[in-house]
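Let's take a walk through a protein structure together. Have the picture open while you read, and look up each residue as it comes along.

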Amino acid sequence: MSYQFDFSFLAERWPDFVAGAWLTVQLTVVSIGLGLAVGTVCAVGRVYGPRPVKAAVGFYVELIRNTPLLIQIFIVYFGLSSIGLKLSAEISAIIALVVNMGAYTTEIMRAGIQSIQKTQLEAADCLGLTRLQAIVHVVLLPAMERVYPALTSQFVLLMLASSITSQISTEELTAVANNVQSDTYRSFEVYILVALVYLALSAIYRLAFWVIGLGLFTRKRKLGTAL
C-alpha cells in the first residue's frame, strides 16, 4: 500500500468547509428549537388532550418514526413542488427536520410528563391554578429535567442526520464535501476531514446543552450534572 495523503486542497477550499459547517449549525439550531416546541405541544396533547387529539398525535408519531428521514425530505422538497408550492432546499430541509424532530421529541417528552406524580397536579389544583398553568409551571420543567439527557442525545443525532439534506442540494457540510471530493479526487482525505468536523460539532453541541441544562435546572446546577 503506497497511498500518499494530500490535504493541500484545504489551502483553497477551507472557506467552503467553514460555510458548510455554519449552514449545518443554522439548520440544526432552528430545527431543534422548532422541533422541541412541536414535540412538547404534541406530548401535552397526547397525555392530557381529548381522544381525537391523542389519536392524531399518535398517528403523526408512528408515521414519522416508521418512515426514513430521506423519504420525508423528498416528500417536502419534491412533493410540495409538484403541487405548485416551491420551497428552497434550505427551507425544505428545515421543515422536514422539524417534523422528524417533533415526532421523536413527542415520545421523549411524553415519558417525562407521565413520570410526574398526579399528586403534583392535585396540589396545583388546590392552589387555584388552571390546568394550563399547572402543566406549564408544575409539569413541563420537571418533566424536561428528567428526560434532558435523552433530549440532548436526540438533538445531536439530528445534527448528524442533517447530512442527509445534501441529497436535495442543501449546501451544508456533507454537500460541500461531495463537491470538493468530486473536484479534487481526494475522497479519503475529504471525508476524514468532514468526520472530524462532525465529531467537533457533536462535542460543541453537547457542551452547549450541558451549559443550557445548568441554567435551566437548579438541582442539576447544584450537582453539576446537567446531562
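Of the contacts in the protein with a separation of 6 or more, what percentage comes from residues 24 or more positions apart? The answer is 76%. Keep in mind that this is a predicted model.

## The overall picture

If you count the secondary structure, you get nine helices and zero strands. Reading along the sequence, that gives the pattern α-α-α-α-α-α-α-α-α. Along the principal axes, the C-alpha atoms fill a box of roughly 75 × 50 × 30 Å. The protein has 227 residues, and 42% of them count as buried.

Now pick out helix H2, which runs over residues 51–65. Its 15 residues reach 21 Å from the first C-alpha to the last, close to the 21 Å you'd expect at 1.5 Å a residue. Val57, Gly58, Tyr60, Val61 and Ile64 are the buried residues of H2. They sit on the same side of the helix because they cover an arc of only 160° around the axis.

Look at the other side of H2 and you'll find Arg51, Pro52 and Phe59 exposed. So what covers the buried residues? The cover includes helix H1 (10–48), helix H3 (69–82) and helix H4 (89–114).

## Rings meeting rings

Next up, the aromatic residues. To describe a pair of aromatic rings, you give the distance of the centres and the angle of the planes. A search of the whole structure turns up eleven aromatic pairs. One of them is Phe155 with Phe209, a tilted pair at 5.2 Å centre to centre, with 50° between the planes. This pair ties together distant parts of the chain: Phe155 is in helix H6 (residues 131–161) and Phe209 is in helix H8 (residues 187–216), 54 residues apart. Both Phe155 and Phe209 are buried.

Phe209 also pairs with Tyr205. Here the ring centres are 6.0 Å apart and the planes are at 80°, so this pair is edge-to-face. Tyr205 and Phe209 are about one helical turn apart, because they are four residues apart in helix H8. Tyr205 counts as buried because its relative accessibility is 7%, under the 20% cut-off. Phe209 has a relative accessible area of 10%, so Phe209 is buried too.

## The largest pocket

How much space lies in the largest pocket? It's about 230 Å³. Of the 13 residues lining this pocket, the closest to its centre are Ile32, Tyr148, Phe155, Phe209 and Ile212.

Which elements give two or more residues to the lining? They are H1, H6 and H8. H8 supplies the largest share, with six residues.

## One glutamate in a loop

Finally, find Glu172 in the loop between H6 and helix H7 (173–184). Is Glu172 buried or exposed? With a relative accessible area of 0%, Glu172 is buried.

Leave aside the neighbours within four places in sequence, and Glu172 is in contact with Gly20, Leu23, Thr24, Leu27, Ser162, Ser163, Thr165, Ser166 and Tyr198. Tyr48 is another story: Glu172 and Tyr48 are 124 residues apart along the chain, and 39 Å separates their C-alpha atoms.

Key:
Residues numbered from 1 in each chain as written. Predicted model: local features only at pLDDT ≥ 70, side-chain atom pairs only at ≥ 80, totals over all residues. Heavy atoms only, no water. Expected span 1.5 Å × (residues − 1). Buried < 20%, exposed > 50% of the residue type's maximum accessible area, 1.4 Å probe, protein only. Arc of directions from axis to C-beta. Contact = heavy atoms within 4.5 Å. Phe/Tyr/Trp six-rings, centres within 6.5 Å; stacked < 30°, edge-to-face > 60°. 1 Å grid on protein atoms, 1.4 Å probe; cavity = no way out; pocket = protein on both sides within 12 Å on 5 of 7 lines; lining within 4 Å. Points joined across faces, edges and corners; volume = space filled by probe spheres on them.
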